[in-house]
Amino acid sequence: MRRLGLGKKGLEHQIEEVAQELVQIFAQAKGQPLDPMLPITNSACNVICTLAFGHRFSLEDKEFLKLMEALESGFKFIGSFFHTLYEIFPFVMKHLPGPHQKALLSIETVLSFGKKEVERHKEHHSLHEPRDFIDFYLLQMGENKDVPDCTFDDENLSQAIFDLFLAGTDTTSGTLQWALLLMASHPDIQDKVHKEIEDVFGSSQIIHYQDRKKLPYTTAVIHEVMRSKYVVLFGLPRRTTEDVDMLGYFIPKGTTVFPDFRSVLLDPKEWETPDEFNPHHFLDKDGHFVQREAFLPFGAGLRACVGEQLAWIEIFIFFTSLLRAFTFRPPGVKELNQEPVVGLTTHPHPYKLCAIPTSYP
Ligand code: HEM
């Protein structure tokens, strides 16, 4: 991931293009109520296509739409009752009818989508100038081909591509959906973001990720969206390798441990108003951005999110592009629902908002 080049010509530039496409889609609604979920999720998925395959798809491409449909069905299934049953009794469930059958087909669709791309990469021999995740993985496979029990193989490559889609689409999409909902619900905060962007960049200059230090308030807002509306509730499981005494609790060797991110993100000892959306959690008295130790939405340690850097770039570029182009308002007088729907990730309930072009009077 580190070698994938998040520089100007690399992924970052492509993310800027995907963000512009997203702005165009919002603009087509001409300020009328729109549901932002699908366009945002498609764009986040297209970023993963760029990362994994080195190219993205037209949002009308039939293959791409099939991939999106399969992913959606997979997201809905994971964490559901039938998924739990399937995990406990896979051999029995494989032969029984139920929603898990559709989900298993969808998983197969995503895996075979990845496999087709791997074959294309092998045919085009682009390994002398690796550009994407598949290229780097195939290089690694070549370098390790004589290593006994090496885990770099075709099977694991398509599984790793699947994991990138699974972990990298719904998380960034959910974060951006929350960000727009919170902007529409807090017009005073949205105005400050607009003003900061306008003061620093005017209306013509392109905003790059490197520019984020010039936008402390906007950066604080993005952090506060991720703190207050954390999209991942629990980290991946770990197992203790020795007996541990921690804060008066004894945890024996071999215990499975799931980090609960709310224990830090909503800790009243760490945050002034833990249950409120308050960007000042990340600002000092002079308005400078401050990093906080308890801000851990990507987890911590060796198993922390591998896509963190990409996620930051994506969220910053999408958010600033959208906020620069539009003012977001709820479609009526009713407040937008801020309760989360808890699934594989935590999302807002389906909602609509009006994206009013900022160039309108
Ligand atoms: C807002 C965006 C995101 C959030 C909040 C997020 C959060 C997380 C968290 C909390 C974990 C578990 C870490 C732990 O247990 O300590 C994780 C794992 C992971 N994330 Fe992300 N993530 C985001 C975006 C992404 C993106 C864009 C990608 C892909 C490019 C990605 C790929 C992964 C993968 C592959 C894992 C599993 C790593 C492993 O198996 O050890 N994530 N993420």
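**Entry 1: Ser-228**

I began with Ser-228, which counts as buried at 13% relative accessibility, where buried means under 20% relative accessible area, exposed over 50% and partly exposed in between, with a 1.4 Å probe and protein chains only. I noted that the model is a predicted one, in which local features need pLDDT of at least 70 and side-chain atom pairs count only at pLDDT 80 or more, while totals for chains, interfaces and linings use all residues. Residues are numbered from 1 along each chain as its sequence is written, and side-chain values use heavy atoms, with hydrogens and water left out.

I placed Ser-228 in helix H10 (residues 216–228), helices being DSSP runs of H or I of at least four residues, and strands runs of E of at least two, numbered from the N terminus. Its side chain reaches the backbone oxygen of Glu-224 at 2.8 Å, which I list as a polar contact (a pair of N or O atoms within 3.5 Å; within protein, one must be able to donate a hydrogen and the other to accept it, and residues adjacent in sequence count only if both atoms are side-chain atoms).

**Entry 2: the ligand and its iron**

I looked up which protein atom is a donor to the iron atom of the ligand, and found a single one, SG of Cys-305, 2.3 Å away. Donors are N, O and S atoms within 2.8 Å of the metal (3.2 Å for Na, K and Ca), and since water is not among the atoms, sites may look incomplete. Cys-305 itself lies in the loop between helix H11 (262–265) and helix H12 (308–325).

I then went through the 27 residues around the ligand, of which Leu-236, Arg-238, Phe-261, Arg-303 and Cys-305 come nearest; a residue is near if one of its heavy atoms lies within 4 Å. The shell divides into 19 nonpolar, six polar and two charged residues, with Ala, Val, Leu, Ile, Met, Phe, Trp, Tyr, Cys and Pro counted as nonpolar, Asp, Glu, Lys and Arg as charged, and the others, Gly among them, as polar. Helix H8 (154–185) is one of the elements that supply at least two residues of the shell, and H8 gives the most, with five.

For the polar atoms, I recorded a polar side-chain atom of Arg-303 at 2.8 Å from an oxygen atom of the ligand, and a polar backbone atom of Leu-236 at 2.7 Å from a ligand oxygen. A backbone N or O atom of Ala-167 lies 3.4 Å from a nitrogen atom of the ligand.

**Entry 3: aromatic rings**

I counted 16 aromatic pairs, taking rings of Phe, Tyr and Trp (its six-membered ring) with centres within 6.5 Å, and calling planes under 30 degrees apart stacked, over 60 edge-to-face and the rest tilted. Phe-282 and Phe-289 form a stacked pair, because their ring centres are 6.2 Å apart and their planes stand at 10 degrees. Phe-282 is buried at 0%, whereas Phe-289 is partly exposed at 26%.

Phe-298 lies in the loop between H11 and H12 and Trp-312 in helix H12, so the pair ties together parts that are 14 residues apart in sequence. I found Phe-298 buried at 13% and Trp-312 buried at 14%. Ring pairs link Trp-271, Phe-282, Phe-289, Phe-295, Phe-298 and Trp-312 into a cluster.
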